[in-house]
Amino acid sequence: MRIGAIEAGGTKFICGIGDEHGRIEDQISFPTGHPDQTMPRVIEYFQGIGVEAIGIGSFGPIDLRPDSPAYGYITTTPKPGWANYDLLGNLKQAFPVPLGWDTDVNAAAYGEVKWGAAQNLSSCLYITVGTGVGVGVYAEGRLVHGLVHPEGGHVPTRRHPEDHYSGRCPYHGDCLEGMAAGPAIEARWGRKGHELPAEHKAWEIEAFYIAESLTQAVLLLSPEKIILGGGVMQQSQLFPLIREAVRRNLNDYVSAAAILTQMEEYIVPPGLGQQAGLCGALALGLSAIHNQTSSSKSNLI
Ligand code: ADP
Ligand code: ZN
């Protein structure tokens, strides 16, 4: 089986080809430019390969409601050319195969459920801390869309008592993304995250903000696993700091072994490493085939 996968990021696009076991055979990556330049590269990559389906995990916000006229569109992004862009429709025109479509972070959560750190679980959160902060939610055995889709990067957060940085989210200032994404670290300390030493105060403050949101997520959604990916999480010293801060925040209130004694296995890096997003897109492509098969079966009844 050959399935196409697209991780459509605001910074770069990754396209790949894989199989039903989550194995990626080939992949390419290029910077995200104007869609007039980027989409032909995507289409050229898959042409002649004979993919049976394509899964797309996209930066957003995106429209996920199948009954909406804008289904398959990227909606309100400030990225030139991509606002109100019919990403799914353009792909459908080039490749009339089943297409899976979800947010980049929901895709990554799904990849982790199928082949990564959340296998055999019916719930998990996937959080990326990179240029922005994104949160994918898998609950009760399915990806959560709801009204639009979760936007957990923009939750308001309490302030670290020693942090006077104003935050850089254009909408909210000091939301989680405004305080904790890579560009906020750089703006607060005058250096990029990877240039700051592991024992720098920056990481305690960073862990504080991430832990604030994880605490809310644990209380609100009760996920069975929390997976933290993205460039900033390459700083592996963050993991123990975050686990400790979440434990302190919860103060033994949530009485689950995962939190009381097994936090090392509860808040974890992606089992699929850097491939979580692309494998997730592959998994979306695979389920698009299954969905089509089951809906055509139900049409016959
Ligand atoms: P994107 O979010 O654009 O898809 P990344 O997840 O790589 O890409 O995130 C990029 C952000 O993460 C940048 O702000 C960068 O400074 C930061 N970053 C990347 N690598 C590291 C690192 N090793 N340590 C700390 N910050 C990092
Ligand atoms: Zn915000």
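I'll start with Gly48, which sits in the loop between helix H1 (35–46) and strand E4 (53–58). Keep in mind that this is a predicted model. Is Gly48 buried or exposed? Gly48 has 83% relative accessibility, so Gly48 counts as exposed. From Gly48 to Lys225 there are 177 residues in sequence, and the two C-alpha atoms are 39 Å apart in space.

Now the chain as a whole. The protein chain has 10 helices and 12 strands. Its C-alpha trace spans about 60 × 40 × 35 Å along the principal axes. The radius of gyration is 19 Å, and that agrees with the value near 19 Å for a compact globule of 301 residues. Of those 301 residues, 51% count as buried. If you take contacts between residues at least 6 apart in sequence, 61% of them join residues at least 24 apart.

Next, the metal. Which residues hold the zinc ion, ligand 2, as protein donors? They are His154 through ND1, Cys169 through SG, His172 through ND1 and Cys175 through SG. These donors lie 2.1 to 2.4 Å from the zinc ion. Along the chain, their spacing reads H-x14-C-x2-H-x2-C. The angles among the 4 donor atoms run from 102 to 121 degrees, and the site is tetrahedral. For reference, the ideal angle for four tetrahedral donors is 109.5 degrees.

His154 counts as partly exposed, at 23% relative accessibility. His172 is also partly exposed, at 43%.

Tyr171 belongs to that loop between E10 and H4 as well. With 65% relative accessibility, Tyr171 counts as exposed. Tyr171 is 17 residues from His154 in sequence, and their C-alpha atoms are 8.9 Å apart.

On to the interior. In soluble globular proteins, nonpolar side chains tend to be buried together. Here the largest nonpolar core has 39 residues, and the members touching the most other members are Ile127, Leu214, Ile226, Leu228, Ile242 and Ile267. Several elements each supply at least two residues of this core, among them strand E8 (124–129), strand E9 (133–139), strand E11 (226–229) and helix H7 (238–250). Which element gives the most to this core? That is H6, with 11 residues.

Take Ile127 as an example. Leaving out residues up to four places away in sequence, Ile127 touches Val133, Gly134, Val135, Leu214, Ile226, Ile227, Leu228 and Gly229. Ile227 is also in a second, separate core of 28 residues, which includes Ala107, Tyr138 and Ile289 too.

Last, Ser213, which is found in helix H6. Its relative accessible area is 10%, so Ser213 is buried. Setting aside residues up to four places away in sequence, Ser213 touches Val155 and Leu176.

That is the tour.

Key:
Residues are numbered from 1 along each chain as its sequence is written. Chains are lettered from A and ligands numbered from 1 in the order in which they are written. This is a predicted model: local features need pLDDT of at least 70, side-chain atom pairs count only at pLDDT 80 or more; totals for chains, interfaces and linings use all residues. Side-chain values use heavy atoms; hydrogens and water are left out. Donors are N, O and S atoms within 2.8 Å of the metal (3.2 Å for Na, K and Ca); water is not among the atoms, so sites may look incomplete. Four donors count as tetrahedral if all angles lie between 85 and 135 degrees; four count as square planar and six as octahedral if opposite donors are over 155 degrees apart and all others between 65 and 115; anything else is irregular. Buried means under 20% relative accessible area, exposed over 50%, partly exposed in between (1.4 Å probe, protein chains only). A nonpolar core is a set of buried Ala, Val, Leu, Ile, Met, Phe, Trp, Tyr and Cys residues joined through side-chain atoms within 4.5 Å. Helices (H or I, at least four residues) and strands (E, at least two) are DSSP runs, numbered from the N terminus. Contact means heavy atoms within 4.5 Å. The radius of gyration is taken over C-alpha atoms; the globule rule is 2.2 Å times the number of residues to the power 0.38.
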